[in-house]
Amino acid sequence: MKYGLQFRDVFAAWESILDGVWTTLLLSGVAMVGGLAIGVLCAAARVYGPTWLRTVVGTYVEVIRNTPLLVQLFLIFFGLPSFGLRLDGLTAAMIALVVNLGAYTTEIVRAGLEAVPKAQIEAGHSLGLSGLQVFRYIVIFPALKAMFPALASQFVLLMLATSIVSQISVQDLFHAASIVQSRTFRDFEVYTVIGVLYLGLAFAFRGLFAAIYRLAFVQR
Amino acid sequence: MIREFGLIDVMYLVGAARWTLVLTATAFAGASVIGLAIAIARILPLAPVRWLAAAYIHIVQGTPLLVWLFLIFFGLPLIGISVNPWLAAAVAFSVYGSAFLGEIWRGALVSIARTQWEAGASLGLSLGEQLRYVIIPQSVRVAIPPTVGFLVQLIKNTSLAAVIGLVELTREGQLTAAGTYKPFAVYITVACIYFLMCFPLTQWSRSLERKLDVAR
């Protein structure tokens, strides 16, 4: 039997697919901003903080990076209600994504901070700059430049990983696909279209980050 | 019927972790074969082949693993191959892993100095022989730490196979949580088992990296 691909039914559902795109963008945006904030704070704690704080942050990073995002998501969405903390899907997804990305950005930001040569920091101190001034005028700019490519690719990976939230019925792009699939039975066509859309989003994000990099770091 | 979450359930979860490892091993084997081909294609002195390999990597790395899983699960039957979750997962993870391994190994291959190729050529080795006897043996050392690191990613990502109904650690966790109504205890246990599988590899990858740094 020969099967003919038919995309018409899939394209007819463009509205629910577009809704899914927005949710995916929203989740990615929240996770990137939140994850970056956590990452910067934790990296600062890990590099400059007291020993006990370093241990706490180190444990957070290792636990998150060595367990699957799907299990973290299930723990927050299905596990927390055992303690009376009931979250709706979207909130649980945002928390899981921020906590997850935070661990990865911590490592990236830390590596960026440590990439600044020690001698430059010592030179700043010997010129009489305070700790904050050294950070502001010597460390932060080269550190940002060093960590930017790794951050950008981690962000794109995260955007793709948001597809997992469909498993707790958050209505993102991937969830839209399963709705259309159950209505039209055009499974292969649906997932092809969705795959192309994700690919487009990934390219858009890469382009955006490359443009930011050029604006911020190349022209000077 | 609701039952307690007890030791027997933990044993079942540990037993299910075996299938996570089997799936990881299968995926790694498949990804290695395709990944090596992609890595070599990326450095061949033949532009169209390089572009094709680069496009492959871009496309696979630009789409979610979940999409690959579903595309293959629903797509293979269209060309007359009947699939079970195992076959679909093995193929999807091989495709997905090959793009990342291909990129890692390409990096290792190009890290070997140009002069090594030239030395091989001046000894009269063909291109294939240069790769086989000069370049690959040296790049293996560079490639091992990030490859072990990727293995951790692969173990974690096999949890997605639960979505197409393959009973590995995460799926077994879902089933246990549904049977016992103790989702928190169950998923914490599942997370611990993943951690016990992944953390030693993470540490190993790090110590390999340090050794490599010292050797240079």
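How far apart are the end C-alpha atoms of helix α7 of chain A, and what would a straight helix reach? Helix α7 covers residues 131–161 of chain A, and its end C-alpha atoms are only 38 Å apart, short of the 45 Å that a straight helix would reach at 1.5 Å a residue. The expected span is 1.5 Å times one less than the number of residues. Helices here are DSSP runs of H or I with at least four residues, strands are runs of E with at least two, and both are numbered from the N terminus.

This is a predicted model, in which local features need pLDDT of at least 70 and side-chain atom pairs count only at pLDDT 80 or more, while totals for chains, interfaces and linings use all residues. Residues are numbered from 1 along each chain as its sequence is written, and chains are lettered from A and ligands numbered from 1 in the order in which they are written. The pLDDT is the predictor's confidence in each residue, from 0 to 100. Chain B averages a pLDDT of 91, and 98% of its residues score at least 70. For the complex, the predictor gives an ipTM of 0.89 and a pTM of 0.90.

Chain A has nine helices and zero strands. Its C-alpha atoms fill a box of roughly 75 × 50 × 30 Å along the principal axes. Of the 220 residues in chain A, 40% are buried; a residue is buried if 20 or more other C-beta atoms, placed from the backbone, lie within 10 Å of its own, exposed if 12 or fewer, and partly exposed in between.

In α7(A), a kink of about 45 degrees lies at V139(A), shortly before the proline P142(A). The bend at a residue is the angle between axes fitted to the seven residues ending there and the seven starting there. V139(A) is also one of the buried residues of this helix, which include A143(A), M147(A) and L151(A). The buried residues of α7(A) pack against α2, α4, α5, α6 and α9 of chain A. Contact means that the C-beta atoms of two residues, placed from the backbone, lie within 7 Å.

Chain B has a bent helix too. A kink of about 45 degrees lies at I135(B), shortly before the proline P137(B). Among the buried residues of α6(B) are I135(B), S139(B) and F150(B).

Back in chain A, H175(A) is found in helix α8 (residues 173–184). H175(A) counts as buried because it has 22 C-beta neighbours inside 10 Å. Although H175(A) and I17(A) are 158 residues apart in sequence, their C-alpha atoms are 8.9 Å apart.

The largest nonpolar core has 116 residues, and those with the most contacts inside it are L73(A), A93(A), L69(B), A89(B) and A92(B). Such a core is a set of buried Ala, Val, Leu, Ile, Met, Phe, Trp, Tyr and Cys residues joined through C-beta atoms within 7 Å. Leaving aside its neighbours within four places in sequence, A93(A) is in contact with L27(A), L73(A), V165(A), I168(A) and V170(A).

Where the chains meet, the contact takes 29 residues from chain A and 29 residues from chain B. On the side of chain A that touches chain B, α9(A) gives the most, with 10 residues.
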